[in-house]
Amino acid sequence: MYFRTQLAQQHAADLRAQAAAHRLAAEAKPPVELRARVGWTLVEVGLRLAAAPKPVVA
């Protein structure tokens, strides 16, 4: 019976450690991913370049 109690305590400690690691990882992740922000910024720059009037060469 003592072994089962030890095993249950170890399992509970492992679950607490996993929860703490998950919580830290969730806090460290930026709310908006950098890749998405950079992608939309490049799209915006491309649209501005496409809409800009082209100089006339004479």
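**Exercise 1. Find how many salt bridges this predicted model contains, and state which residues take part.**

Step 1. A salt bridge requires a side-chain nitrogen of Lys or Arg within 4 Å of a carboxyl oxygen of Asp or Glu. In this predicted model, the count by this rule comes to one salt bridge.

Step 2. The partners are Glu44 and Arg48, whose closest N and O atoms lie 2.7 Å apart. Side chains of opposite charge can pair when their charged atoms come close.

Step 3. Both Glu44 and Arg48 belong to helix 2, which covers residues 34-51, and they are four residues apart, about one turn of the helix.

**Exercise 2. Decide whether Glu44 and Arg48 are buried, partly exposed or exposed.**

Step 1. Buried means under 20% relative accessible area and exposed means over 50%, with partly exposed in between.

Step 2. Glu44 has a relative accessibility of 40%, and therefore counts as partly exposed, whereas Arg48, with a relative accessible area of 58%, is exposed.

**Exercise 3. Characterise the surroundings of Thr41.**

Step 1. Thr41 is found in helix 2, and at 45% relative accessibility Thr41 counts as partly exposed.

Step 2. The side chain of Thr41 reaches the backbone oxygen of Arg37 at 2.7 Å.

Step 3. Thr41 and Ala19 are 22 residues apart along the chain, and their C-alpha atoms are separated by 35 Å.

Conventions: Residues numbered from 1 in each chain as written. Predicted model: local features only at pLDDT ≥ 70, side-chain atom pairs only at ≥ 80, totals over all residues. Heavy atoms only, no water. Helix = DSSP H or I, 4+ residues; strand = E, 2+ residues; numbered from the N terminus. Buried < 20%, exposed > 50% of the residue type's maximum accessible area, 1.4 Å probe, protein only. Polar contact = N/O pair within 3.5 Å; in protein donor to acceptor, adjacent residues only side chain to side chain.
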